[in-house]
Amino acid sequence: MTTESFHRLTRAVIAASVANEWSAAVMEWDVTELEEDPIGSGECVCGQQELVLLFTITNKRNGAQLYPIGSTCVQKFGRTDLNRQVTLYSDLFRLRAAILDNKHIALTSEYFSRAMIEYLNDEGAFTPDQWDADGGYAFILDMFNKRKKDEITRPQRAKITVLLNRKVLPFVLADASLG
Ligand SMILES: [Zn+2]
């Protein structure tokens, strides 16, 4: 990133923040949305062109939004939690594309991560049912964490499939933060 684009980024972020200094302003933001533009017509707030993955960031203090912003610019905020949000949204995006592509989706690290399962639970994907008050969240996390996948029993496999097909995958398809 050039000095000039970094300058444009800091100017845009500070202008939309409550704080007047970069070091404090970067603390006010969350990654809230991700959109894809396959033809790359998006231009980042820093001026970088041909952006394909367009993130939206939202200010927690005044509700301001900056869009589109690329992952390189979000990394300039120097916040590990923001970088994790970028990874999470990118992974969710990849999962949704795979669902739309009719790929077989298994509960493995090919498409899932612990952070993603936690996010899905926080966002309400695991609706309570007659079997689990937590809607199967703890079960899914437990199954995902199993190192030896061949220890998963047949009834457990069946339950994973039901939870993925009835709750997780429809939720990801309908997730409004994936524009
Ligand atoms: Zn940028």
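How far apart do the C-alpha centres of domain 1 and domain 2 lie?

1. The structure is a predicted model. Its domain assignment gives domain 1 as residues 3-78 and domain 2 as residues 97-174. The C-alpha centres of domain 1 and domain 2 lie 32 Å apart.

2. A zinc ion is present, and the atoms that coordinate it are the SG atoms of Cys44, Cys46 and Cys73, at 2.2 Å. Along the chain, the donors of the zinc ion are spaced as C-x1-C-x26-C.

3. Two packed helices are described by the angle between their axes and the distance between the axes. Helix 4 covers residues 80-100 and helix 5 covers residues 114-122. Their axes come within 10 Å and cross at roughly 85°. Helix 4 and helix 5 are therefore roughly perpendicular to each other, as angles of 65 to 115 degrees count as such.

4. Which residues meet where helix 4 and helix 5 are in contact? Helix 4 contributes Leu88, Tyr89, Asp91, Leu92 and Leu95. From helix 5 come Ala115, Met116, Tyr119 and Leu120. By class, this contact of helix 4 with helix 5 has eight nonpolar residues, one charged residue and no polar residues.

How values were computed. Residues numbered from 1 in each chain as written. Predicted model: local features only at pLDDT ≥ 70, side-chain atom pairs only at ≥ 80, totals over all residues. Heavy atoms only, no water. Donors = N, O, S within 2.8 Å, 3.2 Å for Na, K, Ca; no water. Axes fitted to C-alpha atoms, helices over the stretch in contact; angles between N-to-C directions. Helix = DSSP H or I, 4+ residues; strand = E, 2+ residues; numbered from the N terminus. Parallel < 35°, antiparallel > 145°, perpendicular 65-115°, else oblique. Contact = heavy atoms within 4.5 Å. Nonpolar A, V, L, I, M, F, W, Y, C, P; charged D, E, K, R; others polar. Domains from an automatic or database assignment.
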